[in-house]
Amino acid sequence: MIHCKDLKNPQTEASLRILIFNATHKNMTDIDKQIQDLKERLQYIQDIFGNRENANVSLLGSKLNDFVHALPSLGPAQIKRQLGSLSDLFTFLENKLEKELTPMDRVRIVRHPQRVCLKDILENVYDNYTEIGGQGEYSIDPSMIIARAYITRNVGKKIYKQPVMVIGQEKGHGQEFRNGGSVKPWGNAKALEYMKVAVTENIPIHTYIFTPGSYPVEDYPGAAQQIARNIYAMAGINVPVVAVISEGGSGGAEAIGLADTRIMLSHGYYSVISPEGAAAIEGRAKSGSRISPELVESCARQLRITAQDNLKMGYIDRVLQEPSLGARPEHFDFFKKLRQEVILATDEIILSVRGIKLFRAIALRKLNNPNIYVRWGLSQKSGERLLWRRYQKYRALSRWAYKDSTPAWQKYKIAVSEAAWSVYSFLRYEFFGRHQRAITHLAEDVQGEVHALFGRVMHKTSKLLRKLPGVKKEKEEVCQLTTLSTWEEGMSWDEHCRYISPQANQDRTLPCPNANKFNCLDLWAPDLFGDFAGVCSHCGHHFPMEYEWYLFNVFDPRSIREFSPRLESLNPLDFEGLEHKLDQAKKQTGHKSGCMTFEADIKGIRVVVAVLLARFRGGSVGAAEGEKFSRAVEQARRKHMPFLAYVHGTAGIRIQEGTNGLIQMPRCTLSVRRYLEAGGLYLVLYDTNSYAGPVASFLGCSPYQFAIRSANIGFAGPAVIRETTGLDIPPDYHNAFMALSRGHIQGIWDRREIRNNLHHALMTMGGEFLYYR
Amino acid sequence: MIDTMALLNEIKKTPYKEITVSAPHSGRIEFAVKDTGIKVNGVSGTWNERPGTLLARLVREGNAKPVHAPEKGEVLHFFDIEDGQFVQAGTPLLNIRHFLTKQEVMDIILKKALNLFKAPEKGRYYFVSDIDIKIKTQGLRSVNIKDGDEVLILSRMKRETIIHYEGPDGIIYTTYFDSNESVDMDAPLFGVCPEDQVNNIKTVIDKIQSGWEEQE
């Protein structure tokens, strides 16, 4: 401190001068800092708006430039005033620009390095956390972060610490090893492991989705198969799951996204494919050629990827408003709101399934930020209720995205017959079946005891008896050895050969693709597609056959009964050109959607079958296909029948349907899980090419997956892998044999043996009742 | 003993080889490449998965099977076959002039100048410890071997067999195997040349390394 009397002292005078200098200097650095801040804000805006010309953005640029140029000639008061107005102008125009954001701008916001990421959320939303399963780059997959965190709540005079398991992708805080949030299969496996830990500990799971998509490598556990495993497990996790979506890219998002409540950040996107990917497919771009930004922009718009669009379609539960032009780590208010939102969501889920809840549930709904306490653990019964609610929630989604043109009287008839079947099944398997089983088990035990007691005696006696003259020896063996075998009944050859492939109607030969390796001879088309069932007689290569071939050659003649054939694929997003393509496909195949469902017999065993038709838009799965698949699974469950999914080929989720298609991944998997838990037998048979979404969910989750020889199975095709990862993959990367050696499928079958193999599988895996319990 | 320098000069006079592409089977020919002087490519890709340039299609029983260029080069001349004509298997179709690369020239010369010792059976090979130590301390071209010397150990399924050298005396000039990897039967293991030839070969190889111009 300097006193007035000291002023005469030259030493003090000098220090005073320094002080004044420091004060102005501090002022200067403050100004510099503010200018720097404004410059960064401008840079951010320019990044977001890309190359687009925008009057507001250029206005901001010129104003800031003018100010910086005029700076030396301005006094401190003027500087302060002008800075204030400039900052106001920035805020004003940011709010104005916010309204002009296109979907593609939102994609750029989400991908911006300044975007909030999971580590920021862990720091600011939770009160404390411990990262588990890795530190920074020393992790099995640094792009997947798992943390055990807690939230402290003061209610009344008490302080509660509520633990949660936080799981999510991380893009920042070490970009060089985060792989852009693109999680490898083992990262997803790690997530699954800790979800199971959360179940053991009975604590809620909060997932944060920050991924452009999964990393498409097939190494064990395999991108597709691991996502399928994750979705399947999440369908049965009996603790509350809250998902927060910022960047929800396709399968990567679904791997941790099957939640009771899905909150989406207002500037995020949730989509079946990146806009660039969609544009590449739409524009049929060859690898290496550039796609026009206009096409990307139009795809982003048409896919309806924004939070509001998804809310309207019903695939998310609520939108959390972010600050103008997107949340960045310095927006502390946003974190506060996010914290309230996740707490509220978790509370709501818990209260919706808990017994004693009345007042608290009302309080939660009525008050914005209630100061009430809800314990975040669930009892066994509440857990079951939670699962049932989750199933119903997803089952009810995307109902508007397909058309069911079944006449009303038929719908009524179906409903009645379904109800009758439910009653019958209950009586037959639950009520009567249980008693019958108890009696059978008792009888078996008694029989066993009797056998153990009298077995020896009987054996001895029968030996003695056989030695007596006049007692006949068993004739059966002799009979078997001396008479000729006969055809199996019902297996007359011409009954099975009525289907003639159109490929067989050409007078030409075809080369086998393996001719160079095995010196296969050319095959004459009528032979190959007629008698040889499309199999090279030299090396066994399987040429693709139409799905009709299987209908005629696998199932018993005249046993196929198709159901819900009038369920029709639509163009729910009015995607340009899809209408026409769908009409073409419908005309070409005679089917209304890419999925055919029916009941049929295989050697007398009744099964429910769902076929994905490769010829209908590449076998892609949209809302109608998903609904048909789910209905088929339900049918199998109701009638206690084994369920077979024959994949004649699938290219993945139908991208033109956007999230309506994507949501079929969790939706169908939930149905499958319900069926399997009720004791069903679910077989999957892959043919030709099966890729992406369906393999990564309701097909890949089957414990019994088989492939027909020469099939290809994988997550992403070679071109996509090359583009996203830069890896050059060998030509046989997705081959069925590779999939088998990686452990993705359980066996490879010859096409000519499918009928026998399926029957055999049904008998060995299904056992006596073809339905476990 | 051969004159490697003369061999190189001979190669230099005609620094290419001419490949005759002939019909792999009978059929009606439809040329895809119609003019001489056109540059063609051979198989490429990490796994040789991309075939070479399409030269022609050979149609037999309605099946148009492609004939691809086996190596990089330029089409030199067509044999007297008309487009659409029926040809028998083995009929020469066209000639491709393939310019030799550095590696190919070196391989030709080494193959002629060296005595190659080939793997008697499939397995992993490594040098006996004396030779191994010598190679590691003094370099590859320091090992003198003569007929009947113990030179290699063949290791297969934990069974180790000593292999004796058979062939002319000399020094080990180069090796073609890696002791970590299995070697197929009859694949060359190492090349031996007489001691007085070493310098000769070395100069020629150096000359190729520095002076050979690969032509497109």
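Strands here are DSSP E runs of at least two residues, helices are H or I runs of at least four, and both are numbered from the N terminus.

I noted that this is a predicted model, in which local features need pLDDT of at least 70, side-chain atom pairs count only at pLDDT 80 or more, and totals for chains, interfaces and linings use all residues. Residues are numbered from 1 along each chain as its sequence is written.

I took a cavity as a set of points, on a 1 Å grid over the protein atoms alone, where a 1.4 Å probe fits but cannot get out; lining residues have an atom within 4 Å of a point. Volume is the space filled by probe spheres set on the points, which are joined across faces, edges and corners.

I then checked the second largest cavity's volume, about 30 Å³. Of its 14 lining residues, E131(A), G134(A), S139(A), M144(A) and K190(A) are the closest to its centre. I sorted this lining into five nonpolar, five polar and four charged residues (nonpolar: Ala, Val, Leu, Ile, Met, Phe, Trp, Tyr, Cys, Pro; charged: Asp, Glu, Lys, Arg; polar: the others, Gly among them).

Next I turned to the largest cavity, with about 60 Å³ of space. Helix 21 of chain A gives the most to its lining, four residues. I found 12 nonpolar residues in that lining, and no polar or charged ones; Y547(A), F555(A) and L758(A) are among them.

How values were computed: Chains lettered and ligands numbered in written order. Heavy atoms only, no water. 1 Å grid on protein atoms, 1.4 Å probe; cavity = no way out; pocket = protein on both sides within 12 Å on 5 of 7 lines; lining within 4 Å.
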